Amino acid sequence: MIAPHWWWFGAIFPAAIAALTLWIGHTASRGRNTAVSWSVAIGTGFLVGYPATAGVPRFPPIEAQQWLVLVVIPAALLIELIGAWHKIPRRVTSVFRLIVVVALPAVLLQSYLQYTWSASSAAGWLGGLAVFLGISWWIQRRLAARRPGRWTAWAWLIVVGGTAVTILLSGSNVLGQVAITFTAVIAGSAVVAWFITPSQSPVTVLPFVPLIAVSGLWLIGHFYASLTWQNALLLGSAPLLPWVAEIPVLGRLSPTWRAAVRLFAAAIPVSIAVMIAAAQFSNEVAPY
Amino acid sequence: MRIGLSALLVFVATVALSAAAGNAFADNYQLDPGHTAVVFRIGHLKMSHTYGRFNDVKGSFELGASLSDLDVTIKAESIDTGLKKRDDHLRSPDFFNSRQFPVITFKSAKITASAEGYLVTGDLSMHGQTKSVTFVLHKLGEGNDPWGNYRAGFSTELSIKRSDYGMTNMPEAVGDQVNLFISFEGLRQ
């Protein structure tokens, strides 16, 4: 049950802020610092929209989603800003990114460390999740570098939007609304990206920040809310499937059609996850 | 006369020592889960009240000349409103976030005797946040049960605001004020 006025403050306004920020940043820098503008656009839009759902974030954070919003996402944005602006060596930026990826599960699942897991279970879970996220980021990064273009923004829009719907249908309003805000921010910036030529698209920043944000939502959704592990896995596999367009059989397709294949490939597991959650929701739903 | 004065001095010293020691000779009591209830009431759609309870409550207190050291631990996961889907939602991050904050605790800081029983002030921790609460605890009775165990029973009612504990979701549907009705028996150890 989302209040009608929420859509203005939790989705439309942050999307507009993200779009405007990206446009101004891109124009002011004459296309030279679009990657930085993209980072700032995502961060600004999300921080503007988050209070509509969960109030002004408190510091120090208590809940996992507060850690995600106040610590993890700003850290990811900061790394992208530093990497893009100061031209520091790529290896250094990559090490920073790796630290954020490895730290993400440990930061968000603190209470499991405190109350639920033994030392060996914690090592297994945190290690496994860190390896999965690290490999996922590396695979996506390679594809974004190999096939730069606006398609990455739209692929992430599908993944994040599907995550929002699945989490909402899984029974967590707050987390679902946070995911909708993030979807709106990606959507706003993706629309602006449409008017930026492909060579200027900020593909270098896009795979990391949404990966961190949406991975955080999957972790919180599964470990603290009711996102099933099957749906978490389906959503987690979605950003990897655009690699399907690289198989030789599809090599003869035009770039536009290959981009369409990538988006279609990402949409398949997302659609399955949404359908499973919707079926479960309609089976269980009852007014209370 | 000399014996009488000595007896008076012993009596005065005993009273003074007892007062100085406070509850030093108190017995420890553990809450009896079968005779402990934490029931809550909250508004629904500004039309009616919904009732619920927590099924897993543990705790202890010291009882001698006075009451002290009242500690209660409630498993948030044990919330029960009689409807599974609603209970699951209440356990989710929308409300209690019970996987992240598995326990609700109360720890007394100050207990003083009052005309109605005991005035208890302590820290109530829930959903990762701690607030001081004060309530009157009524002593309902104490004594041996038919099986030879020594028991003491208490009850209280208090109101809190869920927003004070960071639970602000769905304000249109779910009221902010929560009335708690608590009754417990302790078994002397």
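**Close-up views of a predicted two-chain model**

Figure 1. I276(A) is partly exposed because its relative accessible area is 37% (buried means under 20%, exposed over 50%, partly exposed in between; 1.4 Å probe, protein chains only). This is a predicted model in which local features need pLDDT of at least 70 and side-chain atom pairs count only at pLDDT 80 or more, while totals for chains, interfaces and linings use all residues. Residues are numbered from 1 along each chain as its sequence is written, chains are lettered from A in the order in which they are written, and side-chain values use heavy atoms, without hydrogens and water. Helix α11 (residues 255-284) of chain A holds I276(A) (helices are DSSP runs of H or I, at least four residues; strands are runs of E, at least two; both are numbered from the N terminus).

**Figure 2. T36(B) in a loop of chain B.** T36(B) lies between β1 (27-31) and β2 (37-44). With 8% relative accessibility, T36(B) counts as buried. Contacts of T36(B), leaving aside neighbours within four places in sequence, include R53(B), V57(B) and F184(B) (contact means heavy atoms within 4.5 Å).

**Figure 3. The interface of chain A and chain B.** The two chains bury about 2000 Å² between them, 54% of it on carbon and sulfur atoms (buried area is the accessible area, 1.4 Å probe, that two parts lose on being put together, summed over both). On the side of chain A that touches chain B, the elements giving two or more residues are α5 (110-116), α8 (173-194) and α9 (208-223). Chain A brings 22 residues to the contact and chain B brings 20 residues.
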